[in-house]
Amino acid sequence: MRIINVMAASLDGKIAGHSLESDRERREYGFTNKADQEFVRHQLTTADAVVTGANSLRASRGAWQVPNHHGRFATWVVLTRSGLDRSLKFWKQDEVDKWIVTPDAKMTIPDGPRNRLL
């Protein structure tokens, strides 16, 4: 098994200027650029799973749909305490396996054959 960790972090542990900061805003601030985006896209071609926080998923507006070396999209494992809005594009990405990891035993997610609450 091979694990690759690609992450952004700041000294205070908060990468975003505000909780719903978009990828577009991050590019404007210089936090990400075309080379960064291409690096992540390449890593996804070798990934079977992506582990991300809910705010990062919200900033990207959904899963990056990049086929991996098996011709499938990676499983997206999303860590959240507050859940994900049911109107997110993420829930409409039917070809992506979605695993939601939360400590909230009362949380629910939309029904779907690729949606899993852990």
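This is a predicted model: local features need pLDDT of at least 70, side-chain atom pairs count only at pLDDT 80 or more; totals for chains, interfaces and linings use all residues.
Trainee: Hi! Which strands form the sheet, and in what order?

Mentor: Hello! Four strands make an open sheet, ordered 1-2-3-4, and the pairing is parallel.

Trainee: And which strands stand at the edges?

Mentor: Those are strand 1 (49-53) and strand 4. Each has a single partner strand, so one side of each is left without a neighbour in the sheet. On average, neighbouring strands here are turned by 20 degrees against each other, with direction ignored.

Trainee: How many bridges hold strand 3 to strand 2?

Mentor: Strand 2 (residues 75-79) pairs with strand 3 over four bridges, in the parallel sense. In that pairing, Trp 76 stands opposite Lys 98 in strand 3.

Trainee: What about strand 3 and strand 4, how many bridges there?

Mentor: Three bridges join strand 3 to strand 4 (residues 115-117), and the two run parallel. Across from Trp 99 you find Arg 116 in strand 4, and Ile 100 faces Leu 117 in strand 4.

Trainee: Okay, where do the side chains of strand 3 point?

Mentor: They alternate along residues 98-101.

Trainee: Let's change topic to the largest nonpolar core. Which residues touch the most other members?

Mentor: That core has 19 residues, and the ones touching the most other members are Leu 57, Trp 76, Val 78, Leu 84, Phe 90, Trp 91 and Ile 100. Helix 3 (54-60) and strand 2 each supply at least two residues of this core.

Trainee: Leu 57 then, what is it in contact with?

Mentor: Setting aside neighbours within four places in sequence, Leu 57 is in contact with Thr 52, Gly 62, Ala 63, Trp 76, Val 78, Leu 84 and Phe 90.

Trainee: Ala 63 is on that list. Is Ala 63 buried or exposed?

Mentor: Ala 63 has a relative accessible area of 6%, so it counts as buried, since the cut-off for buried is under 20%. Ala 63 sits in the loop between helix 3 and strand 2. Apart from neighbours within four places in sequence, its contacts are Leu 57, Trp 76, Phe 90, Gln 93 and Val 96. The C-alpha atoms of Ala 63 and Val 96 are 7.7 Å apart, although 33 residues separate the two along the chain.

Trainee: What can you tell me about Arg 61 and its phi?

Mentor: Arg 61 has a positive phi of about 70 degrees although it is not a glycine. Arg 61 lies in the loop between helix 3 and strand 2, and is partly exposed at 48% relative accessible area.

Trainee: Now helix 2, which residues are buried there?

Mentor: In helix 2 (residues 34-44), the buried ones are Gln 37, Gln 43 and Leu 44. They cover an arc of only 125 degrees around the axis, so they lie on the same side of helix 2. Lys 34 and Ala 35, on the other side of helix 2, are exposed.

Trainee: Last one: which side chains meet in a salt bridge?

Mentor: The count comes to one salt bridge. The side chains of Arg 114 and Asp 97 meet in it, at 2.9 Å from N to O. This pair links distant parts of the chain, 17 residues apart: Arg 114 is in the loop between strand 3 and strand 4, and Asp 97 is in the loop between strand 2 and strand 3.

Trainee: How accessible is Arg 114, and what about Asp 97?

Mentor: Arg 114 is partly exposed at 34% relative accessibility, and Asp 97 is partly exposed with a relative accessible area of 25%.

Notes:
Residues are numbered from 1 along each chain as its sequence is written. Side-chain values use heavy atoms; hydrogens and water are left out. Buried means under 20% relative accessible area, exposed over 50%, partly exposed in between (1.4 Å probe, protein chains only). Two strands pair if DSSP finds at least two bridges between them. A nonpolar core is a set of buried Ala, Val, Leu, Ile, Met, Phe, Trp, Tyr and Cys residues joined through side-chain atoms within 4.5 Å. Contact means heavy atoms within 4.5 Å. Axes are lines fitted to C-alpha atoms, for helices over the stretch in contact, and angles run from 0 to 180 degrees between N-to-C directions. The arc is that of the directions from the helix axis to the C-beta atoms. A salt bridge is a side-chain nitrogen of Lys or Arg within 4 Å of a carboxyl oxygen of Asp or Glu.
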